[in-house]
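Please consult the sequence and the structure shown below while reading.

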Amino acid sequence: MLVLGIETSCDETGVALVADGRLVRSNVLADQQTLHARYGGVVPEVASRAHVDLLHPAVEQACALGGARLSDVDAVAVTIGPGLAGSLLVGVAAAKAYALALDKPLIGVNHLVAHVYANVLDHGALPLPAVVFVVSGGHTSLLAMDEQGAFRGLGQTIDDAAGEAYDKVARVLGLGYPGGPVIDRLARDGDPAAVRFPRALLDDGSDDFSFSGLKTAVLRHVRQAGPDVKVADVAASFQEAVVDVQIAKVVGVAKREGLDTVLLGGGVAANSRLRARLAAEASDLGIRLLVPSPALCTDNGAMVACAGSLALERGEHTPLDVGADPNLQILPGFGRRAPRRPKRRR
Ligand code: KG4
Ligand code: ZN
């Protein structure tokens, strides 16, 4: 079974061919980062136009690299949400056209679920039940997956997503976009104990996260330090604060729920400090930790093809009149940003 996976939810045009839900025959990424870098972040209109230009050539390249013709494809899987409306629409419209022209089923895929299933590509069938931690540019969601596709929402960010915090701090430090990879790299030469940044909600007994105060604390520190700011130390100290909270919450949930498997996914799961420290902690506690290889953590077409293949195996198809859903979540009402708490009057 050969599935074509199409991912256009944000600023990466991803197209992949995956055989039997597991074997990546090709995984093409048409990177738009240079287009958006001059604006310091993703510009939605620029992203959707770029998807229009890049998508079909990426499909052709994926076929060439995967040694297959389009007519060999058994199904077309595409991200239908969440993401930027215009970007999603380009992928969904194209996927419908391919499915119709090839007379093969269309499978609409939830981007967040695809981040979790990226683990299948590296590690095989997911051992369940498990704690699931999706950390990306738009989400920081902690869930339990009791069986295939059956999620329970536990905790989420009440303000910024983890990736958003990396990107905003990188901007404050003048490091460009996207911020996560640069901070990760710079932090290796910095001292994670140089600045004691706040660890919000660390011991509040909830499974929720908050990164907005941390971002503000970094901004304040950078302004105070002025030209003498030690960028590598700030990067390392900021990253350490993020990772401390992430590990405490993930491990806390695993212990409380009695789950001995943790599945990570999303762009921030590519973070080397999070991977190393969580792996060490998990090994001490006898927890099995599965994380996709870094290239499969950030947005890509292979994870979409993989999630689509599993849906196809379950006999699921998506009607051709499906629309894109920018606000799609793993569970209805879960994962969206909670309303900000009203400020207390003094
Ligand atoms: O999953 P993803 O590719 O796109 C979304 O679905 O949002 O995640 C992108 C996010 C960005 O905020 C980026 O800065 C962050 O993941 N990211 C990282 C690393 N690589 C990407 N954050 C920390 N460390 C990294 N190595
Ligand atoms: Zn993503």
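Angles between axes count as roughly parallel under 35 degrees, roughly antiparallel over 145, roughly perpendicular from 65 to 115, and oblique for the rest. By that rule, α4 and α11 are roughly perpendicular to each other. The model is predicted: local features need pLDDT of at least 70 and side-chain atom pairs count only at pLDDT 80 or more, whereas totals for chains, interfaces and linings use all residues. Residues are numbered from 1 along each chain as its sequence is written, chains are lettered from A and ligands numbered from 1 in the order in which they are written, and side-chain values use heavy atoms, with hydrogens and water left out.

- Histidine 115 lies in helix α4 (residues 111-123) and aspartate 299 in the loop between α10 (294-297) and α11 (301-313), so the pair ties together parts that are 184 residues apart in sequence. Helices are DSSP runs (H or I, at least four residues), numbered from the N terminus.
- Both histidine 115 and aspartate 299 are buried, meaning under 20% relative accessible area (1.4 Å probe, protein chains only).

**Helices α4 and α11**

- The axes of α4 and α11 cross at roughly 90° and come within 7 Å; axes are lines fitted to C-alpha atoms over the stretch in contact, and angles run from 0 to 180 degrees between N-to-C directions.
- In α4, the residues including His111, His115 and Leu121 meet residues of α11, among them Ala302, Met303 and Leu310, where contact means heavy atoms within 4.5 Å.
- The residues of this contact divide into 11 nonpolar, two polar and no charged. Ala, Val, Leu, Ile, Met, Phe, Trp, Tyr, Cys and Pro count as nonpolar, Asp, Glu, Lys and Arg as charged, and the others, Gly among them, as polar.

**Helices α7 and α8**

- Helix α7 (residues 212-225) packs against helix α8 (residues 231-257) at about 160°, with axes 11 Å apart.
- That angle makes α7 roughly antiparallel to α8.
- Leu214, Val218, His221 and Val222 in α7 meet Val234, Phe238, Ala241 and Val242 in α8.

Definitions and conventions:
Helix = DSSP H or I, 4+ residues; strand = E, 2+ residues; numbered from the N terminus. Buried < 20%, exposed > 50% of the residue type's maximum accessible area, 1.4 Å probe, protein only.
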